Amino acid sequence: METLTFDDGDEMPILGLGTWKSDPGDVYNAVKVALEVGYRHIDCAPIYGNEPEVGNALSDTFSAHDIDRGDVWVTSKLWNDCHDPEHVRPALENTLNDLQLDTLDLYLVHWPVAMQHGVDYPEQPDDFVPLGELPLAETWHAMQDLKAEGLVQHIGVSNFSVQKIQSLIDETGTTPEMNQIEMHPYLQQPDMLDFAEEKGVHLTAYSPLGSMDRPEEIKADDEPNLFEDPTIQEIADQHDASAAQVLISWAIHRGTAVIPKSVTPAHIEDNLAAADLSLSNADMDAIADLDRHRRYLDGSIWTFEGSPYSKASLWDE
Ligand code: 1BO
């Protein structure tokens, strides 16, 4: 499988298994199946509420000597309530403990949003901490310490805008190695793609299939369904592929990593086969025309009335 190469030569498989919204009861099997059929990249986060089960699946696979730990890329993320430098290392230690690992391949700051310690999801304005009080650069320095100690091999961010990454570079003199963001044909983020290439930041596309299984409370009424898009369907038909495979292959053709989520063995396998699907320039041009800057995960959960965060300050647009 294609890989993204980091400065030290480490290689991240370009296609990974996403685990957001995978129930603890399902994710063990999903990770086991994924590793059995050939995935070597698993994307996790403590807020997904399933890292202990992911850890059991990894541990059982490694102890059966089927696959070596060194052959699997594992990413996790620092949740918003642990941005204070004093909470960064304990948060990582919890994740390492849950995943039953000594080190992570990649650790990301999950959102450019800080919350009071102990808050999973904010319910009131006081649950937030404004970035003016707890700047991202302070959190970033604590992330750098984790890397220096070898507790994580690479560090990056998620849901960061061009402006926020540039500020981090200006303020700390270092560049995040990864930005994991929502990307699919309806949200192509061309400026981020150009910026990332110029600065040497890798990108990972989350919600590449449109994330239709999100909880109803964070879904809009009028959400377009990528699987039903006539252009995607037509390209899928031409290649005798599924719409999901076209969407995943599109991300890979743009040089971004991609982490489709599934707990269904047939879909997990179908998604992996997208790595072998070759789209033509005409296919890529047709998909380029679909961009409508449509976010499925638009940050509303962080921007309710009274929050110090707004959509404008979150996305810098
Ligand atoms: C709130 C979870 C976002 C996806 O990583």
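Eleven helices and twelve strands make up the secondary structure of the chain. The model is a predicted one. The chain has 317 residues and a radius of gyration of 19 Å, which agrees with the value near 20 Å that a compact globule would have.

**Overall dimensions and packing**

- Taken along the principal axes, the C-alpha atoms of the chain fill a box of roughly 55 × 45 × 40 Å.
- Of the 317 residues, 54% count as buried.
- Among the contacts in the chain with a separation of 6 or more, 73% are accounted for by residues 24 or more positions apart.

**Surface and charge**

- The chain has an accessible surface of about 13400 Å², and carbon and sulfur atoms contribute 44% of that surface.
- There are 60 negative and 17 positive side chains in the chain.
- The centres of these two sets of charged side chains lie 2 Å apart.

- M284 is located in helix α10, which covers residues 281-288.
- The relative accessible area of M284 is 16%, so this residue counts as buried, the cut-off for that class being under 20%.
- When neighbours within four places in sequence are left aside, the residues in contact with M284 are W250, H253, R254 and L279.
- T172 stands 112 residues from M284 along the chain, and the C-alpha atoms of the two residues are separated by 37 Å.

Notes: Residues numbered from 1 in each chain as written. Predicted model: local features only at pLDDT ≥ 70, side-chain atom pairs only at ≥ 80, totals over all residues. Heavy atoms only, no water. Helix = DSSP H or I, 4+ residues; strand = E, 2+ residues; numbered from the N terminus. Rg over C-alpha atoms; globule rule 2.2 N^0.38 Å. Buried < 20%, exposed > 50% of the residue type's maximum accessible area, 1.4 Å probe, protein only. Contact = heavy atoms within 4.5 Å. Areas by Shrake-Rupley, 256 points an atom, 1.4 Å probe, with all protein chains shown as cover. Lys, Arg positive; Asp, Glu negative; His and termini not counted. Charge placed at Lys NZ, Arg CZ, Asp CG, Glu CD.
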